[in-house]
Number of protein chains: 4
Amino acid sequence: MKEEARVAILEAAEQVIAEQGLSATRMEDIATRVGVSVGTLYNYFEDRQRLLQALLDAQAQQLMAVLDTELERSRGAPYRTRLHGLLRAILEHAQKHFRFLSLLLEERSLRVAASSEELDRHQRLVNALTERIGSLNPEGLTQGVLRPEDAPHYPTLLLGMLQSTLLRQFLDRQPTPVDEQIALLLRCFLEGASPRPG
Amino acid sequence: MKEEARVAILEAAEQVIAEQGLSATRMEDIATRVGVSVGTLYNYFEDRQRLLQALLDAQAQQLMAVLDTELERSRGAPYRTRLHGLLRAILEHAQKHFRFLSLLLEERSLRVAASSEELDRHQRLVNALTERIGSLNPEGLTQGVLRPEDAPHYPTLLLGMLQSTLLRQFLDRQPTPVDEQIALLLRCFLEGASPRPG
Amino acid sequence: MKEEARVAILEAAEQVIAEQGLSATRMEDIATRVGVSVGTLYNYFEDRQRLLQALLDAQAQQLMAVLDTELERSRGAPYRTRLHGLLRAILEHAQKHFRFLSLLLEERSLRVAASSEELDRHQRLVNALTERIGSLNPEGLTQGVLRPEDAPHYPTLLLGMLQSTLLRQFLDRQPTPVDEQIALLLRCFLEGASPRPG
Amino acid sequence: MKEEARVAILEAAEQVIAEQGLSATRMEDIATRVGVSVGTLYNYFEDRQRLLQALLDAQAQQLMAVLDTELERSRGAPYRTRLHGLLRAILEHAQKHFRFLSLLLEERSLRVAASSEELDRHQRLVNALTERIGSLNPEGLTQGVLRPEDAPHYPTLLLGMLQSTLLRQFLDRQPTPVDEQIALLLRCFLEGASPRPG
DNA sequence: CATGAATGAGGGTTCATTCAT
DNA sequence: TATGAATGAACCCTCATTCAT
């Protein structure tokens, strides 16, 4: 099956890139990892760039699917519960695909002069992620759990906290239980750092 | 003066890397920007890697100096004021050296298999930043502004929010006034997303 | 039928080479044109080189057949008439197989160090062509239409004029009627550029 | 001197191409011939194509210079004398740069679908050559040496005869003295193949 | 016989680094 | 010390050829 081969290649690429970094990953490294020869890669992808784009797209699509599934599953539940589920989904996915976030942040993503195509790709990803988180906002507001004045910024801020939490874990090599992380995030995000009376 | 030349080279490197990205920046690009020839670069830096490391170190040192100055300046002020000043210092520095954060995030920084030397360098940077923010924690706790149970995570979370805010601005190409950003960050960080009674 | 397939492949090769040039023509291009897969080509030809040689041979054989038929047809007619017929045959063939002349001139054909096999193949072609034209020489001499001293060079010169005429047409994209071309060639070849008295 | 190196590279390229053919000539072959490494070639030419174009251009320019010089030198002499000089100049140049004509004829030059840029280059060359020969036409006509009705085609036809003569010599490996060749060409061109009365 | 995915040697090109001037 | 041409290893990509189905 042609599709299986594509997937195998993308998976190999993900692994190698995670290990070596984007710019250090040679086509032959990927090929070797899949167990095929270089030429074969080019039977499935036009060139290096397309392969990497396909990887990014696939990863993004996968993550979005996970999030959408979770959102669907929790439909009807209270805001806090749904947000909890969403964070769990993201964290669990990130744990499995830590490499993905690397890619997201890596290389050309933040270049000032990045080609608009590349920028769009990155922007679309971050936006999609932000959007999913933001889709809970209305409920949060309705249920009186979110302050309206800053609501539009919450998704961005949450993402930031999520990311820095992941990075810290990585740097400290101290994996924290997912539930603990979520609790921390929810607590800090909703209650703030300042103690509440009562 | 030998030192001036080194600085000029590092500044050029910062500019070019900001424009083209790390892996796309060639030694000759840097040389051209400084207005010297490639060979000259090698009179000041052993090789490409050392030059980039020197750049990272210089940037880090500069940021730390800024933060330390700010901490020194605000010594004695209440926690909230001092944090405000720190955030302002970071944001202003980031505005001028957006490139720096790029470098921080870029390329090899997140590689699983990164050489321990590189990883340490990155870790040291993030840690130093975290530490500066964390240095205010005791005061925050003493002054009853911070909840003790999560305090150790606050610096990390703040850094994450800071970063995602910067990224969002960049993606949206909508620069927000620094004061507004700080207000938002402080509000959300301290008060949380959930409305407080009274 | 095995032979039909061979012919189909050669025809496709002729077309593609005419369109893309020799060295730019890939086996797959030919296969696609025939409507088969690459592998099939190798069921009919040992390798790329043999296929191209077969094409050249086929083309040459075809042209020779045309010329021999024409020579046969005009047997007994006066020299001028027979030459006229020969030129017409060549021109008409060239019009249909402009590609062929390209091949003749192309690539390895003029290489100093060309393998003797390739060179011979080319030489044989040009020689065969020259020979057919030269076969009329005896009649031309007998009928007093040709000057004996230069007669051996006439075929070569005629071929040259023919070729440059074709090339010019191609470059100017101004197709001239065949009859006009023949008239011009015959006039210039037989009468010369200098006006004749009387 | 930068220019000397360029020239050396072009000369090496000319030699190698003459020996191996255009498409068989690798950049490394050229480099080896000059006695430098591949990289050096790219210090003087953007890429392979530009190098080859530069070669073609240089060769063309050189030939044109020779012809213009000859035309200048013979100014005022009778048509026949001037044409003689021109043919001699071309033949002598061709002898030294047989490779050039090869290039002219080779590869992409006759492709139907050749990019307009390539075609133009070739067309311009042939046209320039044709033009130089044609520049003598007015005198030929004035002096009554050329028949007016076919005059516009004479340059093309002469070029064709010239080329086929050179090719024949090459194929037969029988170098003929230049003077003899010129005499033959002039005789056949001006007087025609048919014997003249008187 | 036909297929077409897999192969991998080979060629073009880049660029960090060197070193003679 | 500055220069910048030369170097050549390394990487991306192509495509003739093979062979299991």
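How many residue pairs are in polar contact between chain B and chain A? In this predicted model, the count between the two chains is 28 residue pairs, with both residues of each pair at pLDDT 80 or more.

## Chains A and B

The contact draws 54 residues from chain B and 54 residues from chain A. Together the two chains bury about 5,000 Å² between them, and 59% of this area lies on carbon and sulfur atoms. Two salt bridges are found across the interface of chain B and chain A. One of them joins R187(A) to D150(B), whose closest N and O atoms are 2.5 Å apart.

Several helices of chain B take part in the side that touches chain A. Helix 1 (2-20), helix 6 (98-105), helix 7 (116-134), helix 9 (154-172) and helix 10 (178-191) of chain B each supply at least two residues to it. The largest share, 13 residues, comes from helix 9 of chain B. By class, the residues on this side of chain B divide into 24 nonpolar, 17 polar and 13 charged.

## Symmetry of the copies

Two copies of a chain are related by a rotation about an axis and a shift along it.

Chain C is superposed on chain D by a rotation of 179 degrees with 0.0 Å of shift along its axis, and the RMSD is 0.2 Å. Of the residues of chain C, G192(C) comes closest to the rotation axis, its C-alpha lying at 1.7 Å. Here too the same surface serves both copies, since 100% of the contact residues of chain C recur in chain D.

| Residue | Protein atom | Distance to a phosphate oxygen of DNA strand E |
|---|---|---|
| N43(C) | polar side-chain atom | 3.1 Å |
| M27(D) | backbone N or O atom | 3.1 Å |
| R48(D) | backbone N or O atom | 2.9 Å |

The elements that give two or more residues to the surface near DNA strand E are helix 3 (38-44) of chain A, helix 3 (38-44) of chain B, helix 3 (38-44) of chain C and helix 3 (38-44) of chain D. Helix 3 of chain C provides the largest share of this surface, five residues. By class, the surface near DNA strand E has eleven nonpolar, ten polar and eight charged residues.

Technical notes. Residues numbered from 1 in each chain as written. Chains lettered and ligands numbered in written order. Predicted model: local features only at pLDDT ≥ 70, side-chain atom pairs only at ≥ 80, totals over all residues. Heavy atoms only, no water. Polar contact = N/O pair within 3.5 Å; in protein donor to acceptor, adjacent residues only side chain to side chain. Helix = DSSP H or I, 4+ residues; strand = E, 2+ residues; numbered from the N terminus. Nonpolar A, V, L, I, M, F, W, Y, C, P; charged D, E, K, R; others polar. Contact = heavy atoms within 4.5 Å. Buried area = accessible area lost by both parts, 1.4 Å probe. Salt bridge = Lys/Arg side-chain N within 4 Å of Asp/Glu carboxyl O. Least-squares fit on C-alpha atoms with pLDDT ≥ 70 in both.
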